[in-house]
Amino acid sequence: MPVLLSQTNATVDAAIIGGGVIGLAIARALRQRGMRDMIVIDKSDFGREASWAAGGILAPQVEADAADDFFRLACKSRDLYPQFAAELKAETGVDVELDTTGTLYVGFSDQDETEFRERFEWQRSEGLTVECLDGNEARRLEPCLSDKVCCALRFPKDYQVDNRKLVQALLIANERLGVTLLSGCEARSLKIENDRVVGIDTSRGLIETNMVVVAAGAWSSRIDSPKQLAEIDVEPVRGQMLCFEAKPQLARHVIFSSRGYLIPRHDYRLLAGSTTEHVGFDKRVTDEAIAVLKDMAVEISPAMQHLPLIDSWAGFRPKAKDGWPVLGQSGEIDGLIYATGHYRNGILLAPITGDSIADVIVEAARPLLLAAFSPDRFLQQTNHPERQPALSRAGF
Ligand SMILES: Cc1cc2nc3c(=O)[nH]c(=O)nc-3n(C[C@H](O)[C@H](O)[C@H](O)COP(=O)(O)OP(=O)(O)OC[C@H]3O[C@@H](n4cnc5c(N)ncnc54)[C@H](O)[C@@H]3O)c2cc1C
C-alpha cells in the first residue's frame, strides 16, 4: 500500500500530481533513470479512477484508418508491453496478465465488410499484421459468435492487459524503488515565480520543487495554474462498463463490433464496454447504459443473454480539447511537464509515456515521437479542431 506521510511541507526534486497508471509509470521510469528525491501525490487512493475503470485493451490497429502520429505512438507503446509486463513481474511478483491472443473485429453487414476490406488493404500495405476472415472462419476461432457475423478482421498483435493488476504492479514497483507515494493529498494550485515552477500548494501543505508533472487525468484542468492548463481544457468523458461471470470463459479474443466490445479475463470475468458520455464528474451507472451494453454483447454472442451480471462501474476518460494526449515540457513555464489527456488509450500509452516523459525530464530530451503532442500546440492556435483519435467508434 502507498506510504502515508504525516508531514506536510516538503522539498523534492520532482513532484508528480496524480497516481493513475500515467503518474506511476513516469515515477518508476524517473527512478530507474536515477532521479532520487521524488513524490507522487493523489487526491484520493492511488490508481482508483480511470486506470481502475478501464478495459485494458491494447489495440492501436483495430479501428485505425491511417498511420498518423497518434497511431505511431500507440503502436510503439503496445510493442513495449511484453518487456514492460515481464519487468514488472520480475520487480514485483505481480503478473499483469498480458494476453497476446489478439483482437477480433466482427461485422454484420455489407457496409462492415467494405470497411474491413479497406482497413485490411491499407494495414497490409503498411506491413502490419492483420487477417481478413469470413463469418465461418471467425466462428471457428470463437464458437460463441452469433450466426449473424458475416466478416471479421483479426489483429494478432493487438493485446489486452488486466489494468487493475497493472496499477497494483506499478504501485509495488514504486514502493520498492523508494518513491514517496502520498495519498489523500490534493494539488490545489501551482506556485510559479518568474515563469518557473517553484512548488505546489496542496491540501496537506506546500511541496517545494522545480519540477512538476501534471498527470491528474480528467481533473488536470481543475488545478489552479497558468493559462495553458486551462486552454488544454481536459474534460471527463464517462465510460460505463458491465462485468459478467463466464464459467467456462466464453471467448479467448477481445471481440469488437462497431457498437462496443467484449473482454474475456483469465479469472472468468467477461467485461462489456463502453459508453462515451459528456456528463461531467457524474459516476453513476445508468439503466439505459446497462440495456445498451447488454444488447451490444448479445448481438456479438447470443450466449451472453444467460450470463449473470456481477458488477458494473463508470470512470472518466481524460480528454483534451482536440482529443490527443498532451505530453511534454511547457514552453510557457520552466519545470512544468504535462502528461495528460490520454482519453481512450491511457493504459495502452502508459509504457511510452513513462519512458519518454522521464527522458524529457532527466536528459532534457525532445523526442520526435512526442512532437505532435506538445502542450504548446494550445498556445499556437486559437481554434483546436477535434482530431478523430484512433479507436473511437466502439466507445473505447
Ligand atoms: C470505461 C473506460 C474504459 C477504458 N478502456 C481503456 C482501454 O481498454 N485501453 C486503454 O488504453 N485505455 C482505456 N481507457 C482510458 C484509460 O483508462 C485512461 O486513459 C487512463 O487510465 C488515464 O490514466 P491517468 O493516470 O491519466 O488517469 P487516472 O487513472 O484517472 O488517474 C489520475 C489520478 O489523478 C488523481 N488526481 C486528480 N486530480 C488531482 C489533484 N488535484 N491532486 C492530486 N491528485 C489528483 C486522481 O485521484 C487519479 O487517481 C478507458 C477508460 C474508461 C473510463
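**Note on strands, salt bridges and surface charge**

1. Strand E1 runs parallel to strand E12 (residues 205–208), and 2 bridges join them. Within this pair, Thr-11 faces Glu-208 of E12. Strands here are DSSP runs of E with at least two residues, helices are runs of H or I with at least four, and both are numbered from the N terminus. Two strands count as paired if DSSP finds at least two bridges between them.

2. A word on the basis. This is a predicted model, in which local features need pLDDT of at least 70 and side-chain atom pairs count only at pLDDT 80 or more, while totals for chains, interfaces and linings use all residues. Residues are numbered from 1 along each chain as its sequence is written, and side-chain values use heavy atoms, with hydrogens and water left out.

3. E1 and E12 belong to an open sheet of 4 strands. The order is E1-E12-E11-E10, and the pairing is mixed. Strands E1 (10–11) and E10 (187–193) form the edges. Each has a single partner strand, so one side of each lacks a neighbour in the sheet. In general, strands of a sheet pair through backbone hydrogen bonds, either parallel or antiparallel.

4. Strands E19 (residues 326–329) and E20 (residues 336–340) are antiparallel, paired over 4 bridges. Leu-327 has Ala-339 of E20 as its bridge partner. The hairpin has 6 residues between these strands. Gly-335 in this hairpin takes a positive phi near 80°.

5. Trp-313 lies in strand E18 (residues 309–319). Its relative accessible area is 10%, so Trp-313 is buried. The classes are: buried under 20% relative accessible area, exposed over 50%, partly exposed in between (1.4 Å probe, protein chains only). Trp-313 and Ala-86 are 227 residues apart in sequence, and their C-alpha atoms are 29 Å apart.

6. The salt bridge count is 21. The rule asks for a side-chain nitrogen of Lys or Arg within 4 Å of a carboxyl oxygen of Asp or Glu. One of them joins Lys-43 to Glu-49, with closest N and O atoms 3.8 Å apart. Lys-43 is partly exposed, at 34% relative accessibility.

7. Asp-69 and Arg-72 form a salt bridge at 3.4 Å, N to O. They sit 3 residues apart in helix H3 (residues 69–92), so about one helical turn separates them. Asp-69 is partly exposed at 34%, and Arg-72 is partly exposed at 42%.

8. Lys-165 and Glu-97 form a salt bridge, with closest N and O atoms 2.7 Å apart. This pair links distant parts of the chain, 68 residues apart. Lys-165 is in helix H6 (residues 163–176), and Glu-97 is in the loop between H3 and strand E5 (103–107). Lys-165 is partly exposed at 27%, whereas Glu-97 is buried at 16%.

9. Salt bridges also link Arg-238, Glu-277, Asp-282 and Arg-284 in a network.

10. Asp-110, Glu-113, Asp-134 and Glu-137 gather in a surface patch of negative charge. Asp-110 is found in helix H4 (residues 110–125), and is exposed, with 63% relative accessible area. Patch members have over 30% relative accessible area and no salt bridge, with like charges joined within 9 Å (nonpolar side chains, Val, Leu, Ile, Met, Phe, Trp and Tyr, within 5 Å). Areas come from the Shrake-Rupley method with a 1.4 Å probe, and for residues only the protein chains shown count as cover. Lys and Arg count as positive, Asp and Glu as negative; His and the chain ends are not counted. Each charge is placed at NZ of Lys, CZ of Arg, CG of Asp or CD of Glu.
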